[in-house]
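Here is a short briefing on salt bridges. Start with the sequence and the model below.

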Amino acid sequence: GSGKYKGMIEDCCCDYETVDNLNIEVLNPLLQDLVTTPFFRYFKVKLWCDCPFWPDDGMCRLRDCSVCECPENEFPEPFKRPYNIAGLPSDNPICQEGKPQAAVDRTIDNRAFRGWVETNNPWTHEDDTDNSEMTYVNLQLNPERFTGYTGPSARRIWESIYSENCPKYSSGETCPEKKVLYKLISGLHSSISMHIAGDYLLDESRNQWGQNIELMYDRILRHPDRVRNMYFTYLFVLRAVTKATAYLEQAEYDTGNNAEDLKTQSLIKQLLYSPKLQTACPVPFDEAKLWQGQSGPELKQQIQKQFRNISALMDCVGCEKCRLWGKLQVQGLGTALKILFSVGNQDQTLQLQRNEVIALVNLLNRLSESVKMVHDMGPDVERLMEDQ
Ligand code: FAD
């Protein structure tokens, strides 16, 4: 297992070791395959910032504030590179997305995706029906990793999320409903940090990328609660996926590429009906236990409002690729929340948008990667801790 992480994952139904094994042996390989399929690799997103907060923010008032396409002089001072990258303007990590191989794909034909409804998600701020401003991004060409985005702009977003929208609960809190949102966001934050540290620009002059183990330790691993929250978020999203089995199994994965689409369908089924998943961790999270008390409906409303705010904050992320992955993962979480908490009644049938399914599965893959990294890091981290 992951070194010192033993026993049951808090408020969940499986233990760390089981989750590690299940992840490494079954889920991670399937998810890694799945996200490369044509259906899952294109995400529809409104990329330009449309920040409803901080109207004084020069960056987000610019309609085309995208990191990769903005010339240097369009960036306000705080958003400029955090440190000097001498002699390598073309490899400015802030603008790495500008390289041709990472280009945004704006040509994917809408009609390639048939059979999906347009429906609303009360948990998110996204409006996928607003086609005019949406573009398709090839996620495989825009990996989530270190971008150099840091400083007041980035900090302000996390601060606003934690202080206004999901304050950390007090240590004696026993009500799981009051903990769930904080844990989900903290878990997502850990996962994002893992990917930054896991794919880091180690040597600017040689454009060398790789793992930054100190950073991984410093931001995540030395904070056991951040690691725990990440496992919690992974199981929460996994539960949402398994709960949506009936829907996901019959969904239309048609992209016009027959062989690839059959593969997508087959991978989805292997994931949903994995014997190991069904035996090792059949109910990764038990949502039925939540919202049962008298204040249940009220708490749910409150969390929904908070989550919508968090989703809106993603439009304020001042780095295009970070915004892309921020939006995708928050939409994925919003989809998980919708699956687990909006469809309580039998008479309400689940409806998902294509984009929600894409976000959900890609989020699960990102979390799965992070959980795997924590597991793989175990021995290295123990060595680091001994050195300190
Ligand atoms: P931050 O990660 O900014 O954290 C701020 C504070 O939050 C910390 O000081 C700590 O008090 C608290 N905190 C940290 N982690 C947790 C946790 N897991 N749970 C609870 N509290 C915590 N940068 C990239 O290079 N690539 C990206 O793809 C990227 N995507 C981003 C997406 C979003 C939505 C946002 C808001 C930022 C993104 N960033 C990205 C920036 C990155 O997340 C950090 O903000 C930046 O690297 C600066 O890190 P930091 O050390 O100041 O701490």
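Lys372 and Asp376 sit four residues apart in helix 13 (residues 354–387), so about one helical turn separates them. Their side chains meet in a salt bridge at 3.4 Å, N to O. This is a predicted model: local features need pLDDT of at least 70, side-chain atom pairs count only at pLDDT 80 or more, and totals for chains, interfaces and linings use all residues. Residues are numbered from 1 along each chain as its sequence is written, and side-chain values use heavy atoms, with hydrogens and water left out.

**Terms**
- A salt bridge puts a side-chain nitrogen of Lys or Arg within 4 Å of a carboxyl oxygen of Asp or Glu.
- Helices (H or I, at least four residues) are DSSP runs, numbered from the N terminus.
- Buried means under 20% relative accessible area, exposed over 50%, and partly exposed in between (1.4 Å probe, protein chains only).

**Within helix 13**
- Lys372 is partly exposed, at 28% relative accessible area.
- Asp376 is partly exposed too, at 40%.

**Glu10 and Lys179**
- Salt bridges with shared partners join Glu10, Lys179 and Lys183 into one network.
- Glu10 pairs with Lys179 at 3.0 Å, N to O.
- Glu10 lies in the segment before helix 1 (16–34) and Lys179 in helix 5 (residues 176–198), 169 residues apart.
- Glu10 is partly exposed at 37% relative accessibility, whereas Lys179 is buried at 6%.

**Lys276 and Glu25**
- The side chains of Lys276 and Glu25 form a salt bridge at 2.8 Å, N to O.
- Lys276 is in helix 10 (residues 275–280) and Glu25 in helix 1, so the pair ties together parts 251 residues apart in sequence.
- Lys276 is partly exposed, at 28% relative accessibility.

**Count**
- The salt-bridge rule gives 13 salt bridges.

How values were computed
Helices (H or I, at least four residues) and strands (E, at least two) are DSSP runs, numbered from the N terminus.
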